[in-house]
Amino acid sequence: MAGFLSFENISKKFGRQTVLSDVSFSVEKGKIFSLLGPSGCGKTTLLRICAGLESPDSGRVILDGKDITDLVPNDRPVNTVFQNYALFPHMTIWENIAFGPRVDKRPKQEIASEVEKYLEMIQMTSHAYKKPAQLSGGMRQRVALARALINHPQVLLLDEPLAALDLKLRQRMLVELDELHDKIGITFVYVTHDQSEAMSISDDVAVMNRGIIEQMGPPAEIYEAPKSSFVAAFIGDTNFFDGTVTEITDNDYSRVQLENMGNQQMLIFNDRRLNAGDGVHVSIRPEKIDISAEPPATDRKKNILKGHVEDIIYMGNSTKFWIRVGRQLISVQKQHSAFLLDQKPIRFWLAWHADNGYILDNYQDADRSLLPINVTEPQKPEKGHKQK
Amino acid sequence: MRKLSKAINEMIISTPSLLWLTVFFLIPTVSVLLISLHPADQYGNIMSGFTADNFKRLMEPVYMKIIWRTLWISAVSTLVCVVLAVPVAYYMVACRESVKKCLLIMIIVPFWTNFLIRVFAWKAVLNPEGPLRHWLIQLHIISPDTLLLYNIYVVLLVIVYTYLPFAILPIFAAADKFDFSLMEAAYDLGATRRKAFFKIFLPGISSGITAGTLMVFIPALGSYVIPEMVGGTSCDMVGNLIAERVLVGRNIPEASAWASVLLMVIIGLLGLRLTYIIINNFRFKPWDNGKV
């Protein structure tokens with residue numbers, strides 16, 4: 001793996017707790033790379049190892065061909081935007097941004113003009129002489145960015161930089177961050193637990209769980225073709241089906257007998273060359289399933305199920321249906337179709353193309369407790385949200 | 001209406017403490033100041049009429065020397081206390097919670113013994129016939145004719161010993177609240193450990209350092225027992241002079257004048273601190289009205 005920034009076989013324990021076990025990956029130059037995972041998955045530790053604030057028990061960190069594993073933080077050409085920004089409270093914004101160049105002993109005039117430049121970049125020139133406590137969250141975030149970028153790092157590390165902001169601001173900052181990245185073009189390593197953040201900003205995403213990388217790739221690939229149940233459940237919503245392969249229909253498709261749905265069968269794309277009799281676990285995204293009150297037109301590659309409505313949740317931009325088929329609850333997400341909401345039929349037809357079902361590599365039964373609740377049993381909506 | 005009743009409520013609640021402070025602090029302080037302006041007769045009685053003679057006498061070179069000595073002993077012991085306390089606090093906050101508690105208790109434990117007894121203990125340790133001097137002579141660290149007691153350095157030592165906890169506690173409290181991720185941010189931005197300590201940690205605990213400074217300097221300024229017991233006659237401080245004027249010289253107005261001098265130094269210091277706070281807050285205000 002030859003990348004710009006490479007992590008090679010990184011392991012780390014805190015006491016007896018393993019935080020990272022043999023993690024390897026590399027980041028391409030100039031890309032935004034996200035480490036995504038639930039809290040405690042080791043993503044922040046990985047970032048701190050990169051910054052030099054933590055040292056790995058084993059493994060190397062290679063940056064631009066140089067081994068930086070044993071360098072102290074102040075000798076590394078990387079800078080961090082910390083989760084709580086860690087702005088120096090006793091210094092003005094100007095002094096905060098000037099901190100790096102000052103300890104670097106750059107000439108005074110150069111520092112002044114650089115600081116002005118970065119203040120302008122973050123549009124905070126008029127706030128230069130305020131203290132951090134007088135700024136809003138979004139402003140502090142921008143100052144933290146400028147303070148890191150003024151040192152011309154080769155890699156910018158961002159540790160949940162938007163976690164402290166409210167939703168609207170988060171979305172705006174995300175766009176700003178993306179524009180900033182396009183402008184300066186350095187490598188970003190972005191740590192977050194928020195899948196939508198990771199999806200929208202990254203060139204590549206590594207989904208982490210319990211100290212390992214479950215899956216790595218472009219956001220679309222991770223969303224569309226999750227390899228493990230953890231990834232499927234962590235990134236967006238999904239439906240899980242357990243079943244047994246009954247028949248290989250042709251080279252590409254196989255027929256699966258579903259466990260919880262009586263004698264229902266499902267056609268899935270068979271990219272793993274399964275054999276009849278194999279047990280499989282399949283994930284289907286709620287928005288990939290079509291829903292209608294009338295029987296849909298049949299198609300050889302279409303799976304059609306009939307079910308009863310359990311609940312309909314109106315969510316503004318879309319509507320979520322909980323449909324019971326046998327013992328399985330299936331969630332379906334659709335843009336509004338007025339007739340479904342108005343007429344409130346109790347019986348629905350579900351249909352999805354065989355290509356939209358994904359066979360998961362490993363289905364960690366033991367890990368079910370870690371998964372979002374709707375993986376094992378769909379979460380019952382609260383009464384207040386119920387469609388009347 | 002509501003505001004008014006709230007104000008009245010606050011007044012009622014604060015009355016007892018205000019009364020206490022008025023009766024036992026403000027009135028005595030003002031009387032000391034007033035007495036210092038009265039003349040005394042030869043028996044030390046307070047006479048009527050106003051005079052500045054008591055203060056004029058303080059300007060005599062003999063006394064100026066004592067004022068000067070009091071100031072520098074207090075300043076040096078304060079400096080030593082703070083310089084010792086900062087690393088202690090820095091170390092303590094890095095400890096585990098249980099160790100932290102143990103260390104805190106160990107700092108407070110000396111207070112379980114009476115202050116006078118602790119000073120006597122120093123006297124015993126440093127006694128000319130005591131073991132410490134004996135050993136030091138044996139090891140050729142000091143010459144046989146050196147006395148450990150009754151010099152200015154012993155006064156400094158015992159003052160530092162006595163007031164060190166008063167410096168450690170507020171500085172520890174400030175350091176405990178200090179956000180150490182700021183240190184990481186400083187390292188990340190290229191600062192060495194040394195630089196981060198001086199540029200980020202010290203300013204970050206400045207409130208604790210100021211509090212510790214005042215907590216040591218003010219009582220050190222009024223030291224009486226320590227110079228009296230371990231300092232001997234050559235190390236008199238203002239406190240000893242006041243005691244001498246009251247107990248031996250029986251000149252209450254002059255003693256009051258001395259006390260007033262100490263009071264003014266302390267008020268001056270607190271005033272400086274207050275001005276600093278006000279200026280800092282004032283700088284804050286205009287910006288707050290801006291669009292934040």
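**Helices, buried residues and confidence**

Modeller: Helices α3(B) and α7(B) cross in a right-handed sense. Right-handed is when the near helix is turned clockwise from the far one by less than a right angle, and left-handed is when the turn is anticlockwise. This is a predicted model, where local features need pLDDT of at least 70, side-chain atom pairs count only at pLDDT 80 or more, and totals for chains, interfaces and linings use all residues, while side-chain values use heavy atoms, with hydrogens and water left out.

Colleague: How do the labels work?

Modeller: Residues are numbered from 1 along each chain as its sequence is written, and chains are lettered from A and ligands numbered from 1 in the order in which they are written. Helices (H or I, at least four residues) and strands (E, at least two) are DSSP runs, numbered from the N terminus.

Colleague: Back to that crossing, at what angle do the axes of α3(B) and α7(B) cross?

Modeller: Roughly 40°, and the axes come within 6 Å; α3 covers residues 61–94 of chain B. The axes are lines fitted to C-alpha atoms, for helices over the stretch in contact, with angles from 0 to 180 degrees between N-to-C directions. That makes α3(B) oblique to α7(B). Under 35 degrees would count as roughly parallel, over 145 as roughly antiparallel and 65 to 115 as roughly perpendicular, with the rest oblique.

Colleague: Which classes of residue make the contact of α3(B) with α7(B)?

Modeller: The contact has 25 nonpolar residues, one polar and two charged. Here Ala, Val, Leu, Ile, Met, Phe, Trp, Tyr, Cys and Pro are nonpolar, Asp, Glu, Lys and Arg are charged, and the others, Gly among them, are polar.

Colleague: Where does B:Pro165 sit, then?

Modeller: B:Pro165 lies in α7 of chain B, which covers residues 152–177. B:Pro165 is buried, at 9% relative accessibility. Buried means under 20% relative accessible area and exposed over 50%, with partly exposed in between (1.4 Å probe, protein chains only).

Colleague: What is B:Pro165 in contact with, apart from its sequence neighbours?

Modeller: Beyond four places in sequence, B:Pro165 has contacts with B:Ile107, B:Phe111 and B:Pro170. Contact means heavy atoms within 4.5 Å. The C-alpha atom of B:Pro165 is 9.9 Å from that of B:Met106, 59 residues away along the chain.

Colleague: And B:Glu254, buried or exposed?

Modeller: B:Glu254 is buried, at a relative accessible area of 3%. This residue belongs to helix α13 (residues 252–288) of chain B. Outside four places in sequence, B:Glu254 contacts B:Asn54, B:Arg57, B:Tyr63 and B:Arg245.

Colleague: Chain A now. How many helices and strands are in its secondary structure?

Modeller: Chain A has nine helices and 20 strands. Of its 388 residues, 52% count as buried. Among contacts in chain A with a separation of 6 or more, 65% are between residues 24 or more positions apart.

Colleague: How do α2(A) and α3(A) cross?

Modeller: Their axes cross at roughly 125° and come within 10 Å. The two helices are therefore oblique to each other, and the crossing is right-handed. Among the residues in this contact are A:Trp94 and A:Ile97 of α2(A), and A:Val115 and A:Tyr118 of α3(A). By class, the contact has 10 nonpolar, no polar and two charged residues.

Colleague: Which residues does A:Glu197 contact?

Modeller: Leaving out neighbours within four places in sequence, A:Glu197 contacts A:Leu162, A:Arg170, A:Leu174, A:Tyr190 and A:Thr192. A:Glu197 is in helix α6 (residues 195–201) of chain A and is buried, at 5% relative accessibility.

Colleague: What about the backbone, say phi of A:Gln123?

Modeller: Phi of A:Gln123 is positive, about 55°, although the residue is not a glycine. A:Gln123 is in the loop between α3 (108–121) and α4 (137–149) of chain A, and is exposed, with a relative accessible area of 64%. A:Glu160, also not a glycine, has a positive phi near 45°. A:Glu160 lies in the loop between β7 (155–159) and α5 (167–184) of chain A, and is buried at 7% relative accessibility.

Colleague: Last topic. What pLDDT does chain A average?

Modeller: Chain A averages 84, and 89% of the residues score at least 70. pLDDT is the predictor's confidence in each residue, from 0 to 100.
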